[in-house]
Amino acid sequence: EESSSKCVGCGAKLQTEDPSTIGYVPPFKLTENHRFVCQRCYYMVYRTRVEEHLKMGATEETTNKDILQSLKLFEQRLENICSKRCIIVYMIDIFDFDGSFIDKLPSLVGNNPVVLIVNKMDLLPEDINIGRLYLWVKKQCEARGLSKIHRIHFVSCKNDLRMGEAKADIIRLVQYLHSDVYVVGCTNVGKSTFINHFLSGSIVERKKGEELLNHLGLKPGQFSLTELKRAYKDKKAPQLTTSSFPGTTLNPIRVHFGRAHSMYDTPGIVQPHQITHCLHSEEIKMVLPKKRVRVVSFRLREGKCILFGGLARIEMLQGKPFFFTVFMSNEVKVHPSTTEKVNELLETHVGGLLKPPISWRRYKELGNFKAKEFEIEGVGWSQSSHDIVVSGLGWIAVTGCGKLKIRVVAPKGVGVFLREPIA
Ligand code: GDP
């Protein structure tokens, strides 16, 4: 109940009176049994739709001020949390490691134990080497100043992958330290899903026999196994709302668990360099992978390129042929082509063969595209030398021998960079 009266983006209490303060929702939008984002979060997501925004009486200036203000608030809240004695469950999305890392966090955690939950492992190829990944994650965290980590768990909240170990670990810590748990992470890393999972498990474990059946609303001897499973899965445990709209959580959402302790769903943050910020909801759905990604490799020689829908492309400028292995949502249409033909291809196929964006008009709305050049030195055919990351969209591992010069084109403002390869 508590969470339903709060914005699923920022956590602010929803209100229908004052459009100029936080948590405002137009009254006509407010219907029962629906999850809400407040108007401000809504516009943060859809800020390309400035016109609509202006129609509602806001100015561009106030929008930007709002965003800055909420970022500041976010940092303050994070500071408040970390200054308490607590267990910090810090969640990261393995599919968007760089985008979901909160740069401020390392300097704030102090002596509080940090349990790092690396989520959405179900999206990576099955044959991923966890040992190598562990070292990679550790190194990436250390490079950002997060060196004291109690434990790292590689999980999938959604598919219940290694969640048991993570839960047991957190419960052990709670019993040992007698403190509350704060689940910290960017919006969309899976905090709500994690907490739901955590709570459904613990409720079910604590209730046995008749008590459990009562809780699930079933009568002894009058249900099938399927019904029982469904009852477990359904709303019988306290569920938080999950959402795929990036936003900023301002107020922690509190959930009781165990006897004396609480678990808090805490601030999320908007990372301005993520590609999702220039996309519409339909496009966001395509870009965020839902299933294990089908990894595809291309061999490119000079003059060739790969297009990632109409959102980004890699052009091979100079060097011997290299392999480019693409880790992206299966709904992003990936096409190899010739650099010369790119413009023609975009003009004829954006919105169709090249999706997202969903139309030529939307492609134009993305505004200016920016090119960034990289020089890469391969380390041989058995191992990738780098990942090229397009923030929020995915990454491309490069493999080959000798020197390579490439150009990456993406909408202006979207982060494009090289990193040590993940796999
Ligand atoms: P929050 O904003 O951090 O609370 O994130 P949510 O729990 O709302 O999740 C954001 C999105 O990520 C939702 O669409 C979830 O279904 C999805 N999600 C959460 N956990 C996983 C996971 O383990 N694997 C995958 N593939 N998706 C997940």
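Two strands count as paired here if DSSP finds at least two bridges between them. In this predicted model, strand β13 (residues 386-390) meets that condition with β14: five bridges join them, and the pairing is antiparallel. Within this pair, I388 stands opposite I396 of β14.

Strand β14 (residues 394-399) also pairs with β10, again in the antiparallel sense, through six bridges. Here W395 of β14 has F327 opposite it.

One of the contacts between them links S297 with its bridge partner in β10, T325.

These pairings belong to one sheet. Strands of a sheet pair through backbone hydrogen bonds, in either a parallel or an antiparallel arrangement. The sheet is open, has five strands in the order β7-β10-β14-β13-β16, and its pairing is antiparallel. Its edges are formed by β7 and β16 (416-419), each of which pairs on one side only. On average, neighbouring strands of the sheet are turned by 25° against each other, with direction ignored.

Strand β10 (residues 322-328) has seven residues, and five of them are buried, so the strand is largely enclosed by the rest of the structure. In the strand order, β10 stands between β7 and β14.

Note on methods:
Residues are numbered from 1 along each chain as its sequence is written. This is a predicted model: local features need pLDDT of at least 70, side-chain atom pairs count only at pLDDT 80 or more; totals for chains, interfaces and linings use all residues. A residue is buried if 20 or more other C-beta atoms lie within 10 Å of its own, exposed if 12 or fewer, and partly exposed in between; C-beta atoms are placed from the backbone. Helices (H or I, at least four residues) and strands (E, at least two) are DSSP runs, numbered from the N terminus. Axes are lines fitted to C-alpha atoms, for helices over the stretch in contact, and angles run from 0 to 180 degrees between N-to-C directions.
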